[in-house]
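Let's take a walk through a protein model together. Keep the picture open as you read, and look up each residue when its name comes up.

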Amino acid sequence: MTVRLLTWNIRTGGSGGRLDALVTLLRRERPDILALQELRGFPGRRMRQVAGALGMTPFLAPSVFGQAVAVLVRPPLRIIDWSGVRWRLHHAAAAVRVPTTAGQLTVVSTHLHPLSPYRRLREARFLAARHRPAKGPVLLAGDLNALDPGTDHTRRLAALSGPYRRRHLAADGTADTRAIAAFEAAGFVDLWPKAASYREAELEPVSFGEAELEPVALGEAELEPVALGEAELEPVSYREAELEPAEPVSYGEAELEPAEPVSYREAELEQPGADAGLTVPTSRGGGEEFSSAGMRLDYLLASPSVAAHAQNMRVLRGAEAEYASDHYPLAVDLDL
């Protein structure tokens, strides 16, 4: 079976009339397992309403200091065990165990400390020990607010103002990558370098029939229309078409004649975020605390046994993803 997992920081629970756009995107994507972060105002009725609109079963972990997180599962998948962490973290962690054809899978949704690199490291070490891969198949998803150790972050950090830059610096002034390194030291595999499809998934509205196009009752506050203004960003299609120029192309004095067809799959890697999995900021969702050069702060980390079945990992861009949050959704398919 193929299980589609999606993680998304929805920014303060979709406040300001964004919740309907969030639900619209999620209904169209139809993840089998959904990890959500920043669920301000969700404990109680709103969580039940959103889960009902998506046709999913939720488990929410509230937070003492920050915002709640949740894992939702679509039938026929079911939750057979669950646990939450609400006081050892600035935000929270929600963990569920789900039977699959490949065995029981633990899925964790979490949100690490946004301000302090040291506290973020402590939280990472705590979660890595609590859910270490040696215990069994596990996938940890969420906004980790952390930089990965395999990338040169100099240019992206240089684009941040001082207070925001300090959130991502170690004591010696270098990029702080210790949180992700702590997960990797515990046996977790960062799925982006392994399973990325190296293309941005462009979202376009899809008709699912009249039944699914009926308005979803999420309460008056949640269903306020979102004012997008006159300017709408149109999705850009980066097709994998093979283009073979019929004549040499002139670039000034030099006449360049390609010896082989030009693949636009390679050209996609030059698009912002296409080869780096950048998840913040979105084009119209805010996020002044993020680098204008883009950052990868949302992750899917898995035990090696789960990572071996991961494929088609992608950042979802376009349509509602551009304004529904300051984070883009991150998705992966698991061939279990």
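## The whole chain

One thing to keep in mind from the start: this is a predicted model. The protein chain has ten helices and 17 strands. Of its 336 residues, 49% are buried. The chain exposes about 15800 Å², and carbon and sulfur atoms supply 51% of that area.

## Helices α2 and α3

Let's look at a pair of helices. Two packed helices are described by the angle between their axes and the distance between the axes. For helix α2 (residues 19–29) and helix α3 (residues 45–54), the axes come within 9 Å and cross at roughly 35°. The crossing of α2 past α3 is right-handed. Which residues make the contact? On the α2 side they are Leu 19, Val 23, Leu 26 and Arg 27, and on the α3 side Arg 46, Val 50, Ala 53 and Leu 54. Sorted by class, that gives six nonpolar residues, two charged ones and no polar ones.

Now take α2 by itself. This helix is mostly covered, with eight of its eleven residues buried. Those buried residues are Leu 19, Ala 21, Leu 22, Val 23, Leu 25, Leu 26, Arg 28 and Glu 29. Their packing partners are β1 (2–9), α1, β2 (33–37), α3 and β16. Just after the helix, Arg 30 has a positive phi of about 50°.

What about α3? Here Met 47, Val 50, Ala 51, Ala 53 and Leu 54 are buried. If you look down the axis of α3, these residues fall within an arc of 160°, so they line one face of the helix. The face turned away from that buried side carries Arg 45, Arg 48 and Gly 52, which are exposed. The buried residues of α3 pack against α2, β2, β3 (57–61) and β4. Just after α3 comes Gly 55, with a positive phi of about 70°.

## Helix α7

Further along is helix α7 (residues 178–185), where Ala 179, Ile 180, Ala 182 and Phe 183 are buried. Seen down the axis of α7, its buried residues sit within an arc of 155°, so they too line one face of their helix. What do they pack against? The partners are α4 (117–130), β8 (138–143) and β15 (298–302). Just after α7, Gly 187 takes a positive phi of about 110°.

## A buried arginine

Next, find Arg 156 in helix α5 (residues 154–158). Is Arg 156 buried or exposed? The cut-off for buried is under 20% relative accessible area, and Arg 156 has 15%, so this residue counts as buried. Leaving out residues up to four places away in sequence, Arg 156 touches Ala 276, Leu 278, Ser 291, Ala 293 and Gly 294. Pick out Ser 291 from that list: Arg 156 and Ser 291 are 135 residues apart in sequence, yet their C-alpha atoms are 5.8 Å apart in space.

| Residues joined | Omega | Where the second residue sits |
|---|---|---|
| Pro 75 and Pro 76 | about 15° | Pro 76: loop between β4 (69–73) and β5 (81–85) |
| Val 280 and Pro 281 | about -10° | Pro 281: loop between α9 (264–268) and β15 |

Then there are positive phi values in residues other than glycine. Thr 12 has a positive phi of about 50° although it is not a glycine. You'll find Thr 12 in helix α1 (residues 11–14). At 16% relative accessibility, Thr 12 counts as buried.

Ala 319 is another case: its phi is near 50°, a positive value in a residue that is not a glycine. Ala 319 lies in the loop between β16 (310–317) and β17 (330–335). With a relative accessible area of 18%, Ala 319 is buried.

Note on methods: Residues numbered from 1 in each chain as written. Predicted model: local features only at pLDDT ≥ 70, side-chain atom pairs only at ≥ 80, totals over all residues. Heavy atoms only, no water. Axes fitted to C-alpha atoms, helices over the stretch in contact; angles between N-to-C directions. Helix = DSSP H or I, 4+ residues; strand = E, 2+ residues; numbered from the N terminus. Left-handed = near helix turned anticlockwise from the far one by under 90°. Contact = heavy atoms within 4.5 Å. Nonpolar A, V, L, I, M, F, W, Y, C, P; charged D, E, K, R; others polar. Buried < 20%, exposed > 50% of the residue type's maximum accessible area, 1.4 Å probe, protein only. Arc of directions from axis to C-beta. Areas by Shrake-Rupley, 256 points an atom, 1.4 Å probe, with all protein chains shown as cover.
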